[in-house]
Amino acid sequence: MADPLFTIAATLRAAFAKVTGLPADSIDPVVRPSDRADAQANGALALAQQLGKNPREVAAAAVATGLLAESCSTVEVAGPGFINLTFKPEFLAAQLAEAATDPRLGVRSAAQQRTVVIDYSHPNVAKEMHVGHLRTTMIGDSLVRLLRFVGHRTILENHIGDWGRQFGMLIEHLLDVGETEAVHQLSVSDLNTFYREASEKFEGSEEFKDRARQRVVELQSGDPETLGFWRLLVDESMRHFNGVYSRLGVLLSNDDLMGESAYNDMLPIVIARLREQGLLVESQGAEVVFPEGFINREGEPLPLIVRNSVGGFGYAATDLACIIDRVERLHADLLLYVVGAPQAHHLNMVFAVARMAGWLAPPVEAVHVAFGNVLGDDRKMFKSRSGETVKLSDLLDEAVERATAAVREKNDEMPPAEQAEVGRMVGIGAIKYADLSTDRIKDYVFDWERMLSFDGNTAPYLQYAHARICSIFRRAQVDRASVRAVVPSLAEPQEKALALALLQFDSTVHDTLDKFSPHRLCTYLFELAQAFTSFYEACPVLKEGYEATRESRLALCDITARTLSKGLELLGIEAPERM
RNA sequence: GCCCUCGUAGCUCAGGGGAUAGAGCGUCGGCCUCCGGAGCCGUAGGCGCAGGUUCGAAUCCUGCCGAGGGCGCCA
């Protein structure tokens, strides 16, 4: 309950209840940040409207209760009935001191613990991870960190594309090349080459095509030898994926693998249960369900095809099996799908069918955490200069390379090993932050210059602010933990502004999770870093002649650094101590 | 044709129904006796268009324009 806006909202609710006689929990005091004061409350306008009274009088009466005087130095009614609130510095300082001694920095636990399945990343076996996997992986990873931080139970699921017809051609190609040679190729070169060669053979040879088709049948019927080859492809692919995950520092591991193949045995059960409930319909040779409200081009009901006309299962069947598994076996009550926006229609149909079948019912919720594309500077899908999709590993190489060069240039006295390490943190952080800092539903333009800039809303700027604070403590030779019990004095406006910003970490984290939108946390951290640099510019910490305020300002520095570091950590970004 | 998402400053992006719509870059102008100038302070410039709901709309609703995406057996 660190956020003073949150605290004052509760006080105002009581004040308005006293004045109007309405139940407190039915009142929204509408507390907002303000540039005219520390905060403004606009609730009087709506209440007055509701009661047919004068809004200024309602506001004045609420002020007259005196309830606000405890935490506010000035409370003014302005305009049509706004209440402008200015917090007492002592009030803010006390709240801040409380947050400073809290390992969670004042962030409340979730009111209700939920079991959340987060479905994200999902690369395809035998294909390189590319820039298209960046957002799902970044957003998913950050949501997991945020959910855990506020106390939810998280179940990570990497729904890799490890099943389907393409495995016929892949396995036949593997056998043509020879198992040993194929493994060698897969481990040293990129996965795309292997896939392309298999695909070219499939297109070019009827004989190969027949073999590939036969191989699919064997795979699906569980032929042990075929499964062995399949396993080999999956394992080799996972080595590549885990390499990327490790560089990105995401939480996914092999323990979180729940590929399409994992649901294979459940698919007949999905069919059986849908049939049992009378939802399954035969249409044009396929077995389908018609969810309400979905129509095709001709305006006719649009089916979700659970099993196609040749008896095969598509991804609709797998996705339905997923829901059953996540709800009934894992007992999840929130299912997050971090999946691109184009899948919205498909997912909505799957959710609709799952609801019809009763598999998805309150309090269980399924949410499509949709996101837009990564664009090039031509505003089209981000591609390499040769027009190919950009491999994630190449992207990370370039980011680290560019960042390391910048670090080297600015720190020529730093040991090369540390330059490389800091360059890695800055480069990877820059990519991740660029991806997370725009509203996920929108497309964003990928721009090396901007994301690696030390100015603006970027990871390097935040990392720099953090490193600078670490430097202050090194220079002061003061142990960071030693100032945490200090109740800071907030005499200067920049000190007060910084305190106010720090205290909003709590509500920011919850707000970020309410919308599943990490960019809200990014915006907050940027504003916090700006508040800090303004403070640091105006309020000397270690200078001669400022001994009296030194401890107090060091305390502000410490909690700022910890908030920045924790915030970045929740985004999956490292904060070096020097850079 | 129908449906979904998006449209905010020259560029890239924030804006939880509330007062005068913010930031970064770029522009222009200040601050180097500067605890890290990888910084700080200031300046000019904008809600695609038209209606509606509301005491109050960038925000909610409708229509139009523009961009992207989706619309039965690939995922």
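1. V30 is placed in the loop between α1 (4–20) and β1; helices (H or I, at least four residues) and strands (E, at least two) are DSSP runs, numbered from the N terminus. The phi angle of V30 is near 50°, a positive value in a residue other than glycine.

2. The model is predicted: local features need pLDDT of at least 70, side-chain atom pairs count only at pLDDT 80 or more, and totals for chains, interfaces and linings use all residues. Residues are numbered from 1 along each chain as its sequence is written, chains are lettered from A and ligands numbered from 1 in the order in which they are written, and side-chain values use heavy atoms, with hydrogens and water left out.

3. RNA strand B is surrounded by 64 residues, the closest being R36, N84, D439, D455 and Y536; a residue is near a strand if one of its heavy atoms lies within 4 Å of it. This surface divides into 28 nonpolar, 21 polar and 15 charged residues. Here Ala, Val, Leu, Ile, Met, Phe, Trp, Tyr, Cys and Pro count as nonpolar, Asp, Glu, Lys and Arg as charged, and the others, Gly among them, as polar. Helix α20 supplies the largest share of the surface, eight residues.

4. An N or O atom in the side chain of Q40 is 2.7 Å from a base nitrogen of RNA strand B, and a polar side-chain atom of Y315 lies 3.0 Å from a base nitrogen.

5. D506 belongs to helix α19 (residues 505–514). D506 counts as buried because its relative accessibility is 1%, buried meaning under 20% relative accessible area, exposed over 50% and partly exposed in between (1.4 Å probe, protein chains only). The side chains of D506 and R108 make a polar contact at 2.9 Å; such a contact is a pair of N or O atoms within 3.5 Å, and within protein one must be able to donate a hydrogen and the other to accept it, while residues adjacent in sequence count only if both atoms are side-chain atoms.

6. F516 lies in the loop between α19 and α20. Its phi is near 50°, again a positive value in a residue other than glycine. At 12% relative accessibility, F516 counts as buried.

7. The peptide bond from P362 to P363 is cis, with omega near 5°. P363 is located in the loop between α13 (344–356) and β11 (365–371).
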